[in-house]
2 protein chains.
Amino acid sequence: VAAEEPEPAPRRRGRRPGGEDLRAVIIAAARSEFAARGYDATTLRGIARVAGVDPRLVHHYFDGKDAVFAASLELPVRPGDVIAGVLAGGPDGIGERLVRTFLSVWDSPAAQDSGVALVKSLLSSESGARTIREFVVREIFGRLAAVASSDDAEFRAALVASQVVGLIMARYVVRIEPLASADAEDVVAFVAPTIQRYLTGD
Amino acid sequence: VAAEEPEPAPRRRGRRPGGEDLRAVIIAAARSEFAARGYDATTLRGIARVAGVDPRLVHHYFDGKDAVFAASLELPVRPGDVIAGVLAGGPDGIGERLVRTFLSVWDSPAAQDSGVALVKSLLSSESGARTIREFVVREIFGRLAAVASSDDAEFRAALVASQVVGLIMARYVVRIEPLASADAEDVVAFVAPTIQRYLTGD
């Protein structure tokens, strides 16, 4: 984090806040913009305006809207990076890669805490729900649709969403046993073929 | 709150409340018992005690704990009846029957409203979440486990739960398109094989 500071140092005599403060100002502005406009209509330029900083400074700290969003929710990973890794191998075996990667992220306690909090906030406020839905559709399932069979790619990606969201609910939020405590590979063995068929099956 | 009064009947001369009032008294007692004890530990006898009525009276209005529970949540259907219909045909084709029945219930606006409210309450309070989880596991997925391949029936039923819960979330709560507006039979075509494989597949 220190490495990301564009500017020196907290103890200078000037009036501008230091790197950590600037980053926090940008994140606070982003939270307000995402809540007010949703994910799709928010821009890095708009966040810069609300934060009262130069847009280049926002780009200095965050190389994309999804990175600001992940930071504003304090996610321990950047979902776009995770999904890029899953997509990199192409359609063959994507079901297995997706489920295994998904579980390796969510099975870590830190991700689980922030993820469960996210799901609950999704359901507790209309604007929160809309923002998170737009983010997930655009940055995660929109990208999956690109590898789905093309005749009904969006429908297929939404079906993947249904199984993945359900897995989050059953394993991490509601904690239905024995699924909640099951070995990740046992879950992969059952769920990966579902994802593969939704994306590329007949 | 007035409904929790076990005793009379504002304007009548007799001391016992009439049928509708008694039913309301029982339901109010049931809500309080389910919230305090969860689903599994609540009994019809305990509900009668809290309501200040004879247990036979509870049995007169409700022929099972699941019926009181459905009434206490104002569900438009009794889940136990629905699942009994799905199970009646045995393991062959159960995936298709389950998904088609499930959609026919949830696609009705009344069920959707109460169902979505239920899901939100599930996530908003710890005791509500526990009660609903116990109900769903015992009365719905516990019964499905009875038709699942026997080596890991509970795990299989929990996987079914994950896909069904995810379908509720994606189609009715978060409303991910085009799944939210898709024709029910298109959803059946994709999701039924998933349910069938989770329950009875290799």
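Ile83(A) sits in helix 5 of chain A, which spans residues 79-87 (helices are DSSP runs of H or I with at least four residues, strands are E runs with at least two, and both are numbered from the N terminus). This is a predicted model, so local features need pLDDT of at least 70 and side-chain atom pairs count only at pLDDT 80 or more, while totals for chains, interfaces and linings use all residues. Residues are numbered from 1 along each chain as its sequence is written, chains are lettered from A and ligands numbered from 1 in written order, and side-chain values use heavy atoms, with hydrogens and water left out.

Back to Ile83(A): it counts as buried because its relative accessibility is 7%, where buried means under 20% relative accessible area, exposed means over 50%, and partly exposed lies in between (1.4 Å probe, protein chains only). Setting aside neighbours within four places in sequence, Ile83(A) is in contact with Glu139(A), Ile140(A), Arg143(A) and Leu144(A), contact being heavy atoms within 4.5 Å. The C-alpha atom of Thr42(A), 41 residues away along the chain, is 22 Å from that of Ile83(A).

Leu144(A) turns up again in the largest nonpolar core, where Leu144(A) is listed among the residues with the most contacts inside the core, along with Ile26(A), Val191(A), Leu144(B) and Val191(B). That core has 140 residues; a nonpolar core is a set of buried Ala, Val, Leu, Ile, Met, Phe, Trp, Tyr and Cys residues joined through side-chain atoms within 4.5 Å. Val191(B) touches Leu159(A) and Tyr198(A) as well as Val99(B), Gln163(B) and Leu167(B), again leaving out residues up to four places away in sequence.

As for the overall build, chain A has 10 helices and 0 strands. Of its 202 residues, 50% count as buried. Among chain A contacts between residues at least 6 apart in sequence, 64% join residues at least 24 apart.

Then there is the place where the two chains meet.
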